[in-house]
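Visitor: I have a model open and would like to learn how to read it. Could you walk me through a few features?

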Amino acid sequence: MSLRLLTAGESHGPELAVIVEGVPAGVEVDSDEIDGQLERRRGGYGRGVRSTKIEHDHAEIVSGVSGSRTTGAPLALRIVNRDFANQPSAPVPLTTPRPGHADLAGATKHGHSDFRVVRERASARETAARVAAAAVIRPFLKEFGISLGSFVVAIGAAEMPIDLGRFTAESLRELAAAAEADPVRCPDPAASDRMVAAIDRARDDRQTLGGTFVVFAPGVPIGLGSYTHWDLRLDGRLAQAICSIPAIKGVEIGPGFELATRTGTEGQDAILGSPDKLVRGSNFAGGVEGGMSNGQPIVIRAAMKPLSSTRAPAQSVDLRTGLAADPPYIRSDICAVPAAAVVGEAMLAWVLAQSLLERFGGDRLDLDLAGFREASANPIPGVRG
Ligand code: EPS
């Protein structure tokens, strides 16, 4: 069974629509949990007035649930855009494409002369739909012992020190718990203060800031994904999913870029212990070996570019007049890295759920879990354990 997600809706249209297909029957659905995830995504220091003051995202479940459990039929959800009510009835067309946005390529591709049409769908507002969909599937992952978390590592030049290959499930969970209460979702208080100050400076300078964040998942069973074909490799799928978040320009599995500077021996995660309890000396692989989960926490770092809408002037051309022009400033966030980290969790959840269902599923949660327990009890035929 494959798990599929479709989203529809424009940033300032009446609502976002979500269809989730392929969730096994019997998964608990908690509307408050879904809204809680939406709330996490909406926040973070540096967000603009839209996210902080106008929207109060709520996902209404339209189908696919009976009582409080999934039925196996597609789920439909809707998230109303409160800002729709504030939209002018005759909006001014946008004819000067903004560098860094989808404006120019999107309008050229589809033949639009008003870039607003492109902007409306390209907006990161769409990620609310993804977070709602992932919130539906997170309880399914929990049944298999998989948890998820995230924290912000850098905003602009303000950075917390990390050692990506040495995190344990416990240390990751502690960092994520500390991040939850922090305005920029950074678990290091001194770094967080520097990040907040950097966002304030950027606002004063009419600038925006990007940054990096870590998303992780402990408890992932061995063998999700596959070494047998390129498009089944888990790391490739994870990179695609994370890179599909607007403004993400870099994805690293474990300390991928640092690994490139090491020797083969220095980059290995030693296999230690005995056949009945194998342990690994480190997690430089970020939880993926040979395109498959290896039982270690999945650890990913992603890089987000600074948002391209700046109050400071930008260079462009008004395509009506052909003259050089500063594109109009259209309201934006100063920094959305904390929100992107929450979306990163959603994308990680999604890929893991897809991979789990490919391996164990999935029409019925109880049968999926039975297959999972059997596989866990019989790891490698003929090997002591
Ligand atoms: C976004 C621009 C801002 C953000 C928006 C994403 O909205 P607006 O253009 O209405 O000011 O606040 O994000 C959200 C509303 C959201 O819920 O994430 C953009 O252009 O991508």
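Visitor: Where is I271 found?

Guide: This is a predicted model, and in it I271 belongs to strand 11, which covers residues 271-274.

Visitor: Is I271 buried or exposed?

Guide: Relative accessible area settles that, and anything over 50% counts as exposed. I271 has 59%, so it is exposed.

Visitor: Which residues does I271 touch, not counting those up to four places away in sequence?

Guide: I271 touches L278, V279 and R280.

Visitor: How should I read two packed helices?

Guide: Two packed helices are described by the angle between their axes and the distance between the axes. Here, helix 1 (residues 31-42) packs with helix 5 (residues 127-143) at an angle of about 140°, and the axes are 9 Å apart. That angle makes helix 1 oblique to helix 5. The crossing of the two helices is right-handed.

Visitor: Which residues make the contact of helix 1 with helix 5?

Guide: From helix 1 come I34, Q37, L38, R40 and R41; helix 5 brings T127, A128, V131, A132, A135, V136 and R138. By type, the residues of this contact are 7 nonpolar, 2 polar and 3 charged.

Visitor: What about A303: where is its place?

Guide: A303 sits in strand 15, residues 298-304. With a relative accessible area of 28%, A303 is partly exposed. Leaving aside neighbours within four places in sequence, A303 is in contact with G211, T212, A247, I248, K249 and G250.

Key:
Residues are numbered from 1 along each chain as its sequence is written. This is a predicted model: local features need pLDDT of at least 70, side-chain atom pairs count only at pLDDT 80 or more; totals for chains, interfaces and linings use all residues. Side-chain values use heavy atoms; hydrogens and water are left out. Helices (H or I, at least four residues) and strands (E, at least two) are DSSP runs, numbered from the N terminus. Buried means under 20% relative accessible area, exposed over 50%, partly exposed in between (1.4 Å probe, protein chains only). Contact means heavy atoms within 4.5 Å. Axes are lines fitted to C-alpha atoms, for helices over the stretch in contact, and angles run from 0 to 180 degrees between N-to-C directions. Angles under 35 degrees count as roughly parallel, over 145 as roughly antiparallel, 65 to 115 as roughly perpendicular and the rest as oblique. A crossing is left-handed if the near helix is turned anticlockwise from the far one by less than a right angle, and right-handed if clockwise. Ala, Val, Leu, Ile, Met, Phe, Trp, Tyr, Cys and Pro count as nonpolar, Asp, Glu, Lys and Arg as charged, and the others, Gly among them, as polar.
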